Amino acid sequence: MKLPRRFVVAALLAAVLGAVACERRPSSGGAERSTGDIVVGMYGSLTGDGASFGQSSVEGAQLAVEELNNAGGLLGGRKIKLLVEDDQSKPDEASNAVTKLITQNKVVAVLGEVASRRSLAAGPVCQKYQTPMISPASTNERVTQIGDYIFRVCFIDPFQGEVLAKFAFNDLKARKVAVLKDIQQDYSVGLTDAIQKKFAALGGQVLDPVSYSSGDADFKAILTQVRAQKPDAIFVTGYYPEAAIIVRQARELGMKVPILGGDGWVGDALKNGREALANCYISNHYSGDNPDPVVQNFVKTYHAKYKREPDSIAALGYDAAKVLAAAITSANSTEGPKIREALAKADVPGVTGRLKMNAKRDVDKPAVIQELMFTNGDVKYIYKTTINPN
Amino acid sequence: MDTFLQQFINGLSLGAIYALIALGYTMVYGVLRLINFAHGDVYMLGAFAGYYIANAMNMDANPSILGAIVVTMGAMAACAVIGILIERLAYRPVRHHSRLTSLITAIGVSLLLEYGGQVVFGATPRFFPQMIRSQTYTLGPVQITNQNLLIIVVSFIVMFGLQYIVHQTKIGKAMRATSFNLSVARLMGINTDFIIAFTFALGSALAAAGGVMVALAIPRIDPLMGLMTGLKAFVAAVLGGIGNIPGAMLGGMLIGLMETWIGATAYSTYRDAVAFAVLILILLFRPAGLLGTSVTEKV
């Protein structure tokens with residue numbers, strides 16, 4: 001195949017010009033427009049292993065956007081338009097999705113992700129383009145350390161690990177515990193470290209953590225080794241798809257000890273643990289049983305729209321959108337750097353607690369401990385206790 | 001000692017899964033000299049067929065053994081048809097070309113089913129309905145579930161059944177003849193096209209039975225589930241001697257046990273690597289596999 005030389009030169013020239021044009025793009029994503037819809041991006045795992053995370057967080061955010069638009073929008077009547085990108089639960093797709101949202105859709109800010117590993121993959125893109133990102137539920141400490149444009153509306157794993165370790169030691173009276181960690185997930189690795197440190201500091205014994213990988217389906221070999229060491233309780237620090245199977249297989253091996261997990265257990269597929277979920281406890285961001293009218297109102301409107309109970313990830317998605325809206329209002333602008341400044345000073349009430357940004361762009365919020373129960377084909381989260389940060 | 005026995009049982013349960021799939025691999029190879037890389041994906045399709053049939057029958061709420069048998073039969077029938085279609089549309093047109101062509105076609109079919117499956121079923125893992133409620137039996141120091149016991153029993157039944165079909169029946173004789181020399185078999189009046197289609201139907205039905213059975217024990221299914229399991233079953237078939245039916249059983253069990261023992265050590269995350277290290281070693285030192293010899297009759 002032979003192409004005319006002039007055509008080739010023209011194509012090369014066009015490519016080079018295109019690249020140059022991309023390079024000198026102004027950093028903040030198309031923020032200069034002062035009329036029309038305010039376009040906000042959101043990326044999440046709508047499909048794949050973490051599908052429940054993406055769906056819940058997006059539903060929560062959409063509910064918040066709908067409420068804000070019905071109340072007249074922002075900045076003198078401008079509506080918010082939420083553009084959602086699916087990252088298929090893959091970290092590289094997450095950074096592609098965010099790049100597309102910022103460079104093509106010119107979003108003013110980005111909401112997402114739930115899983116820390118994917119927030120860590122996409123966060124640097126937001127930082128580079130000076131577009132604020134608010135993660136609803138990534139609890140790994142390193143997420144907001146990416147840079148000053150990255151925020152979150154949930155507690156962090158060092159705190160969550162402390163909460164779980166304290167509960168196991170004080171309330172469950174466990175003295176020797178085993179930990180199963182998913183070595184592919186930054187979240188699980190970070191949470192495991194936090195639990196180990198705190199439990200040892202309390203005077204308990206932590207057995208060597210046992211590793212597995214996301215997507216594994218047979219855990220009997222590692223569980224049999226754990227069983228031989230006779231722990232009083234077991235921590236499973238990964239996400240719900242594996243947790244459901246681990247809990248089942250542990251019970252099948254006759255292990256009746258309490259099994260504890262973090263907020264990563266919150267997902268629709270957890271219900272496949274079925275009856276084995278008895279005597280399991282998790283730390284969580286909020287409890288739907290909370291009588292606070294703010295929470296009850298949220299549960300009611302969410303149920304009216306989606307015909308199901310909101311989980312904590314949905315509540316955090318809702319809060320993330322609300323914090324962003326408040327920041328856009330107080331910045332009175334849609335420019336990235338100005339929204340960023342307003343976010344750093346954010347202090348608004350949310351359904352998961354008071355959302356006050358600290359110097360690390362994290363929020364100090366209490367955690368709740370919930371006991372799991374399997375009834376009528378679904379998981380019930382029963383409120384046990386609230387633990388405040390000190 | 002208790003732990004050792006339990007790990008042994010865990011290994012056998014896992015190995016039986018590989019054995020069940022390896023049996024289909026080995027049978028198709030025995031007749032056609034074709035490594036049907038799509039076999040693991042037919043296993044996936046079997047699990048999904050079972051998933052849809054079981055949900056249509058609302059099996060999760062009303063578990064029953066009879067219902068489970070109906071679901072398994074349905075999935076086997078669906079996959080037998082798919083197997084015949086794959087043979088007719090993908091393999092038969094290239095049958096008279098070199099074996100490399102067939103191998104590449106098989107990889108193509110495998111990728112088509114995996115990524116086509118992601119389009120049709122979606123990439124999100126699904127949870128297989130509990131057609132039979134899990135029960136744990138305690139035998140002295142070891143525990144085993146009814147579902148794992150079922151897989152082990154079924155894999156032995158399938159092994160003996162295949163041995164019987166291939167060595168004692170008329171159609172088995174025709175299969176062996178086709179395997180021995182396709183054109184001479186045809187000259188002797190054997191409808192070789194039918195025999196090959198039958199082999200595929202049988203192999204695919206077995207894969208489907210495996211898919212449903214495994215999904216019962218490990219309820220998470222997704223369109224890529226056949227990839228790793230299929231590869232390990234392939235290693236199991238090679239380890240036992242590809243084309244050799246008891247060899248597939250032995251290979252499957254050995255791979256299962258090895259994986260479990262590695263899983264029980266501090267190197268648990270290397271368990272997938274072990275199967276492939278075994279493949280390399282076997283190909284280097286005993287290419288015919290443990291039970292295979294270069295002169296043994298194949299099928």
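Axes here are lines fitted to C-alpha atoms, for helices over the stretch in contact, and angles run from 0 to 180 degrees between N-to-C directions. Helices (H or I, at least four residues) and strands (E, at least two) are DSSP runs numbered from the N terminus. The model is predicted: local features need pLDDT of at least 70, side-chain atom pairs count only at pLDDT 80 or more, and totals for chains, interfaces and linings use all residues. Residues are numbered from 1 along each chain as its sequence is written, with chains lettered from A and ligands numbered from 1 in the order in which they are written.

**View 1. Helices α1(B) and α8(B) cross at roughly 170°.** The axes of α1 (residues 2-32) and α8 (residues 192-217) of chain B come within 9 Å. The two helices are therefore roughly antiparallel (angles over 145 degrees). Residues in contact have C-beta atoms, placed from the backbone, within 7 Å. Among those making this contact are I17(B), L20(B) and G24(B) of α1(B), and F200(B), G203(B) and L206(B) of α8(B). By class, the contact of α1(B) with α8(B) has 15 nonpolar, four polar and no charged residues. Ala, Val, Leu, Ile, Met, Phe, Trp, Tyr, Cys and Pro count as nonpolar, Asp, Glu, Lys and Arg as charged, and the others, Gly among them, as polar.

**View 2. Five strands of chain A form an open, parallel sheet.** The order is β2-β1-β3-β4-β5, where strands pair if DSSP finds at least two bridges between them. β2 (80-86) and β5 of chain A are the edge strands, each pairing on one side only. Neighbouring strands of this sheet are turned by 25° against each other on average, direction ignored. Strand β1 (residues 38-44) of chain A is joined to β2(A) by seven bridges, and M42(A) stands opposite V84(A) in β2(A). Helix α3 (residues 91-103) of chain A lies across β1, β2 and β3 of chain A, at about 175° to β1(A).

**View 3. Helix α11(A) has buried residues along one face.** G336(A), I339(A), R340(A), A342(A) and L343(A) are buried (20 or more other C-beta atoms within 10 Å of their own). Seen down the axis of α11(A), they fall within an arc of 165°, so they line one face of the helix. Their cover includes β3 (109-111), β5 (150-152) and α10 (312-331) of chain A.

**View 4. Chain A touches chain B.** Here 25 residues of chain A are in contact with 23 residues of chain B. On the side of chain A, α7(A) gives the largest share, six residues.

Notes: Two residues are in contact if their C-beta atoms, placed from the backbone, lie within 7 Å. A residue is buried if 20 or more other C-beta atoms lie within 10 Å of its own, exposed if 12 or fewer, and partly exposed in between; C-beta atoms are placed from the backbone. The arc is that of the directions from the helix axis to the C-beta atoms. Angles under 35 degrees count as roughly parallel, over 145 as roughly antiparallel, 65 to 115 as roughly perpendicular and the rest as oblique.
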